[in-house]
Amino acid sequence: MILLLAIAAGLLAGVGWAHWHKQPYQAPDLHHLWLVSAAFLPQFVVIYLPIARKLFPDWLAAGFLLASHIMLLVFVWLNRHRLGMSILLCGLALNLTVMTVNNGFMPISPQTASRLVSEDILRDVSTGSRFGVKDILLHPQDTRFEWLADRFLPPAGFPYQVAFSLGDVFIALGVFWLLARPAPSAQITKRLANINRGVSV
């Protein structure tokens, strides 16, 4: 949810910025976009296919999630010259780190999980077991790098409750900044190049 909000807010800010400067909004010029599609495929299998829970053991599902994060890291690194990509890279690295050291899943505490599901459902999930599709239920004292876990929640009165991590916050900020500052038009780029050429001379 936090990522979707960042995308929406970033596009809105980017279009507004472009309109203010009287130029068309241009999407970021990103390379190797096939890596994003390749990274989405493992997550699609694990998260969106209900039968995957029965077909694949947890260790294989965890491997899919880690492989997805690694491919996204490679994509971001190859596009690190773009605005916001360094922040996004930091967020992905934080999530990959905490997942790697906690059996391949994102740790979440019983206290945080209790805000997401009923007590009856939570009672059936033992600590150390997979919770949902991408999380693992762990007590804070049993969690490595607990400060990087899914430990943040929207306000209690928010209609949709979802846990997110510090890495997710960095990812959202990076995506927002990437979309909020559209790529300069060819005309502006040419003007800047001429100005720099004149200064160097």
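Q: Which residues do ring pairs link into a cluster?
A: Ring pairs, meaning rings of Phe, Tyr and Trp (its six-membered ring) with centres within 6.5 Å, link Phe40, Phe44 and Tyr48 into a cluster. This is a predicted model, in which local features need pLDDT of at least 70 and side-chain atom pairs count only at pLDDT 80 or more, while totals for chains, interfaces and linings use all residues. Residues are numbered from 1 along each chain as its sequence is written, and side-chain values use heavy atoms, with hydrogens and water left out.

Q: How are the rings of phenylalanine 40 and tyrosine 48 placed?
A: A pair of aromatic rings is described by the distance of the centres and the angle of the planes. Planes under 30 degrees apart count as stacked, over 60 as edge-to-face and the rest as tilted; by this rule there are 5 aromatic pairs. The centres of phenylalanine 40 and tyrosine 48 are 6.3 Å apart with planes at 40°, so this pair is tilted.

Q: Is serine 165 buried or exposed?
A: Buried means under 20% relative accessible area, exposed over 50%, and partly exposed in between (1.4 Å probe, protein chains only). Serine 165 has a relative accessible area of 0% and is therefore buried, whereas phenylalanine 40, at 47%, is partly exposed.

Q: What is serine 165 in contact with, leaving aside its neighbours within four places in sequence?
A: Contact means heavy atoms within 4.5 Å; with those neighbours left aside, serine 165 is in contact with Asn95, Met106, Leu148, Ala149, Asp150 and Phe152.
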